[in-house]
Amino acid sequence: MSGGTPEGVPHEPRVGLTGLLAETLFVQVIGTTSILIIPALAPLIAPDLGMPTSAVGYQISLVYFAGMVASILAGALVMRFGPCRTGQAAMVLAAAGCGLASLANIWTVLAGSLVCGFAYGLINPAASDLLMRHAPAARRNLIFSFKQTGVPLGGMVAGLVGPQIALALDWHAALLSVSGVALVLAGLSQLGRARLDAHRRKGGLSLFSLTALRLVMATPALRWLALSSFFFSAMQLCAITFLVVMLVEDLGFSLVEAGALLAAVQVGGAVGRVLWGQAADMLGDGLVVLLSLALAMGAAAGALMFASPHWPLPLTSGILMVLGLTAVGWNGVYLSEVARQAPHGAVSAVTGASMFFTFTGVVVGPVIFSELHHHVGSYVDSYGFLVVLALCGALMVAFNKWARG
């Protein structure tokens with residue numbers, strides 16, 4: 001035995017943190033783009049399919065239902081094939097899903113949404129395994145949060161680049177562009193695969209992720225933390241999914257203007273993730289940061305309930321930026337807390353089990369929002385649902401902190 005490696009445990013190769021962050025970040029960006037490109041282009045896609053724009057809530061729920069299933073399997077896949085290979089598989093699946101959706105048939109769009117959602121469910125367990133192994137403990141919140149900036153950055157690509165490609169060519173071309181980039185990234189990831197997957201187990205697949213799901217449910221602190229993500233993710237996806245159609249139909253923005261504001265919200269989320277990760281490391285308490293974010297995102301959603309086409313642009317944009325900083329900025333601190341509270345050697349499985357609750361929130365949230373909009377008739381008024389979600393998330397974080405003493 002040498003270098004402090006315990007007997008029987010494979011030696012962990014030295015991995016450059018910069019390269020690792022780049023790989024996990026870009027996989028997150030493209031994975032997120034693949035699931036948000038359809039909502040970002042909903043005003044163009046929905047008429048071609050003969051559907052109302054509000055139906056995008058059902059589509060995004062389908063995406064995250066597939067992600068929910070994948071998250072349960074992800075821990076076992078990471079252990080068997082390695083986190084890098086699992087990330088490569090996610091990129092190939094994302095490419096296939098966007099390709100299917102580009103065929104412009106309601107059934108191929110639904111099938112493509114399922115495939116993209118399954119791909120997305122593999123990303124965080126794989127990345128968490130890599131970062132927990134190689135990130136310094138004192139900087140872990142910041143590093144996890146930096147990787148999670150890939151979510152708002154992917155949303156920015158979907159909201160800013162997607163409409164430009166769609167208007168210059170068509171929306172099919174926008175989806176196929178995502179497919180091409182995903183395949184390129186899958187190929188480039190092969191360069192570091194041998195080192196990143198050196199610890200994989202070459203035995204058969206196990207149901208360890210199901211065991212982890214039972215562990216999360218049986219452990220009060222993990223259970224409350226996972227349940228908080230149910231409410232936070234439901235709020236985040238409702239805010240993002242319906243933002244463009246709210247701005248276009250309720251507040252009089254053009255599609256390009258609405259896409260630019262969606263991109264700005266995602267940039268705010270990216271900035272927020274880094275800021276909140278740094279704040280959590282400085283405070284030494286990620287739960288306090290999560291509780292503060294929950295209250296702030298609820299306040300921003302409440303303010304938007306009063307928005308009108310007569311509001312000055314800086315006021316609408318400012319509230320949306322607060323929403324982006326908070327409702328899109330919580331994930332990195334959350335995932336770092338999950339990894340910190342997970343038993344040793346079970347980070348990918350517990351992350352996958354916790355993401356099951358995250359994805360469940362995303363499946364349920366947009367459907368409820370769509371039904372609420374159907375009865376209320378206004379996207380702006382429906383933002384009251386987001387206020388309720390934020391307050392429930394805050395309560396779950398408070399319970400987690402109480403359970404941990």
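Helix H2 is followed by Gly-50, whose phi is positive, near 70°; helices here (H or I, at least four residues) and strands (E, at least two) are DSSP runs numbered from the N terminus. The structure is a predicted model, in which local features need pLDDT of at least 70 and side-chain atom pairs count only at pLDDT 80 or more, whereas totals for chains, interfaces and linings use all residues. Residues are numbered from 1 along each chain as its sequence is written, and side-chain values use heavy atoms, with hydrogens and water left out.

Within H2, which spans residues 42-49, the buried residues are Ala-42, Ile-45, Ala-46 and Leu-49, where buried means under 20% relative accessible area, exposed means over 50%, and partly exposed lies in between (1.4 Å probe, protein chains only). Seen down the axis of H2, these buried residues fall within an arc of 100°, so they line one face of the helix; the arc is that of the directions from the helix axis to the C-beta atoms. An α-helix has 3.6 residues a turn, so residues three or four places apart point the same way. Asp-48 also lies in H2, and its side chain is joined to that of Trp-171 by a polar contact of 2.8 Å. A polar contact is a pair of N or O atoms within 3.5 Å; within protein, one must be able to donate a hydrogen and the other to accept it, and residues adjacent in sequence count only if both atoms are side-chain atoms. The C-alpha atoms of Asp-48 and Asn-105, which are 57 residues apart along the chain, are separated by 8.7 Å.

Over the whole protein chain there are 18 helices and zero strands, and 58% of the 405 residues count as buried. The chain exposes about 15,400 Å², of which carbon and sulfur atoms supply 71%; accessible areas come from the Shrake-Rupley method with a 1.4 Å probe, and for residues only the protein chains shown count as cover. Among contacts (heavy atoms within 4.5 Å) between residues at least 6 apart in sequence, 84% join residues at least 24 apart. Mean pLDDT, the predictor's confidence in each residue from 0 to 100, is 81 for the protein chain, and 88% of its residues reach 70 or more. Over residues 1-10, by contrast, pLDDT stays under 50, and the model has five contacts beyond four places in sequence for this segment. Where pLDDT is low, the predicted coordinates should not be read in detail.

Not counting residues up to four places away in sequence, Tyr-383 touches Ala-239, Leu-243, Met-246, Ala-301, Leu-304, Met-305, Leu-323 and Phe-369.

Ala-70, in helix H3 (residues 56-81), is buried with a relative accessible area of 0%, and beyond four places in sequence it touches Phe-118, Gly-121 and Leu-122. Ala-70 and Met-355 are 285 residues apart in sequence and 9.5 Å apart in space, C-alpha to C-alpha. Ser-228, in helix H11 (residues 220-241), is likewise buried at 0% relative accessible area; not counting residues up to four places away, Ser-228 touches Tyr-334, Gly-393, Met-396 and Val-397. Leu-291, in helix H14 (residues 286-304), is partly exposed, with a relative accessible area of 30%, and, leaving aside neighbours within four places in sequence, is in contact with Ala-394 and Val-397. The C-alpha atoms of Leu-291 and Leu-395, 104 residues apart in sequence, are 8.2 Å apart in space.

Phe-253 lies in the loop between helix H12 (243-249) and helix H13 (255-283), and is buried, with a relative accessible area of 17%. Leaving aside neighbours within four places in sequence, Phe-253 is in contact with Leu-247, Val-248, Ala-258, Leu-261 and Leu-313, while its C-alpha atom is separated by 8.4 Å from that of Pro-309, 56 residues away along the chain. Helix H6 (residues 140-148) is mostly covered, with seven of its nine residues buried, namely Arg-140, Asn-141, Ile-143, Phe-144, Ser-145, Lys-147 and Gln-148.
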